[in-house]
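Please keep the viewer open while you read, and turn to each point in order.

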Amino acid sequence: MAVNSKRIAIIYTGGTIGMQPSEHGLVPAEGYLAQRLQQEPRLAAASVPDYELIEYSPLLDSSDMLPEHWQRIAQDVHQRYHQFDGFLVLHGTDTLAYTASALSFLLPGLDKPLIVTGSQLPLAEPHSDGHDHIVEGLMLAAKPVCAGVNVLFHHKLMPGNRVTKSSSVALGAFTAPNAAPVWVMDASSGPSPLDVKTQPGLAPQVPRLQPCRIGILTLAPGMAMSMLTHFFDQPLDAVILRSYGAGNAPQADEFLRLIRQAHEAGVVVVNLSQCDHGGVAMGTYAGGSALARAGVISGADMTLEACYTKLVVLLSHYDSVDIVRERMQLNLAGELTA
């Protein structure tokens with residue numbers, strides 16, 4: 001390891017980056033990542049900070065990540081906050097955007113870098129993108145101007161609660177459709193700051209997550225009313241309504257009645273556009289205005305991942321549905337464009 005005044009905690013949760021082939025396909029291998037880090041010559045460079053590896057057991061494919069795992073990562077960061085200058089979380093890519101979004105809400109006021117990354121190819125592959133992500137992630141985690149939760153992928157550092165996985169095959173698997181990168185790795189000059197952020201200071205404790213019943217309803221033309229009725233008959237705490245365009249939905253009386261009934265029963269219904277770019281503006285068209293009158297609140301330009309994890313955190317923290325509805329529309333951690 002490099003001798004450096006900065007010290008970074010690497011929290012390894014699992015995922016492709018440390019997987020090895022097995023008879024059932026790629027699987028996480030305990031102890032393997034530590035060996036690969038010792039064999040990476042770039043980690044001995046003077047510009048790369050010292051690190052300590054914290055490996056979870058069992059290691060998880062990110063498809064198996066649950067809110068309780070978001071909670072664990074946040075608590076581990078919180079408990080070690082004064083021991084390290086920054087944090088690098090290695091995570092599988094499939095649900096990486098959910099975890100990064102959740103961490104931004106679980107660790108408000110984070111004034112040190114917490115960088116979440118992974119890889120499309122395991123380190124065992126000769127052309128793995130994981131090598132660059134670990135080296136660059138350690139370097140950026142040592143830079144105070146990268147404070148907050150961010151995602152590093154394919155030489156870009158992006159706000160953690162603005163990213164989504166947009167490709168299952170490209171090395172640039174993640175994009176932030178409605179936000180600019182925080183940093184871009186430049187071949188000639190190294191990292192270039194694009195958006196310097198300041199935070200008020202870490203919250204005294206990590207919110208405790210509770211089981212939440214959140215339904216996601218993606219609209220499509222001609223959906224059977226019986227299916228929609230069955231959906232809303234389920235016990236629900238919240239619904240993310242993935243609408244058309246700028247937040248539009250059918251104006252059929254039966255559909256709006258279901259929405260209104262859910263709202264009156266205390267269900268938080270959030271309108272989120274199916275479009276990647278832009279967001280919800282419910283007053284633009286009659287279809288959106290009808291939803292607003294039925295009690296639906298706007299999700300603005302949040303990603304699905306940010307909206308879902310924000311609901312989990314708020315529903316866990318507040319007993320009042322009205323407070324949850326109010327705070328869902330506020331910009332709490334940079335997750336929406338104010």
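1. **Ground rules.** This is a predicted model, in which local features need pLDDT of at least 70 and side-chain atom pairs count only at pLDDT 80 or more, while totals for chains, interfaces and linings use all residues. Residues are numbered from 1 along each chain as its sequence is written, and side-chain values use heavy atoms, with hydrogens and water left out. Helices (H or I, at least four residues) and strands (E, at least two) are DSSP runs, numbered from the N terminus.

2. Rolling a probe the size of a water molecule over the atoms shows where empty space is left. The search here uses a 1 Å grid over the protein atoms alone; a pocket is an open set of points with protein on both sides within 12 Å along at least five of seven lines, a cavity is a set where a 1.4 Å probe fits but cannot get out, and lining residues have an atom within 4 Å of a point. Grid points are joined across faces, edges and corners, and a volume is the space filled by probe spheres set on the points. How much space lies in the second largest pocket? The value is about 300 Å³. There are 16 lining residues, and those closest to the centre are Phe105, Pro108, Pro207, Val313 and His317. Two elements, α3 (96-106) and α8 (304-317), each give two or more residues to this lining, and α8 gives the most, with three.

3. The classes are simple: Ala, Val, Leu, Ile, Met, Phe, Trp, Tyr, Cys and Pro count as nonpolar, Asp, Glu, Lys and Arg as charged, and the others, Gly among them, as polar. Sorted this way, the second largest pocket is lined by eleven nonpolar, three polar and two charged residues.

4. **The cavity.** By the same rule, the count is one cavity of 30 Å³ or more. The largest cavity has a volume of about 50 Å³, and its lining consists of Arg36, Leu37, Glu40, Leu43, Leu123, His131, Ile134 and Val135. Both α1 (32-38) and α4 (130-141) give two or more residues to it, with the largest share, three residues, coming from α4. Five of the lining residues are nonpolar, one is polar and two are charged.

5. **Helix α9.** Which residues of α9 (residues 321-328) are buried? They are Val324, Arg325 and Met328, where buried means under 20% relative accessible area, exposed over 50%, and partly exposed in between (1.4 Å probe, protein chains only). Seen down the axis of α9, these buried residues fall within an arc of 100°, so they line one face of the helix; the arc is that of the directions from the helix axis to the C-beta atoms. An α-helix has 3.6 residues a turn, so residues three or four places apart point the same way. The buried residues of α9 pack against α6 (253-264), β15 (268-273), β16 (297-298) and α8, with contact meaning heavy atoms within 4.5 Å.

6. **Helix α7.** In α7 (residues 286-293), the buried residues are Gly287, Gly288, Ala290 and Leu291. Viewed down the axis of α7, they fall within an arc of 155°, so they line one face of the helix. Their packing partners are β14 (238-243), α6 and β15. Just after α7, Gly295 takes a positive phi of about 105°.

7. **Backbone details in loops.** Ser57 and Pro58 are joined by a cis peptide bond, with omega about 0°; Pro58 sits in the loop between β4 (50-55) and α2 (67-79). His154, in the loop between β7 (148-153) and β8 (156-159), has a phi near 50°, a positive value in a residue other than glycine. His154 is partly exposed, with a relative accessible area of 39%. Ala300 also has a positive phi, near 50°, and is found in the loop between β16 and α8. Its relative accessible area is 21%, so Ala300 is partly exposed.

8. **The loop between α1 and β4.** Ala46 is found in this loop and is exposed, with a relative accessible area of 64%. Ser47 belongs to the loop between α1 and β4 as well; with a relative accessible area of 49%, Ser47 is partly exposed.
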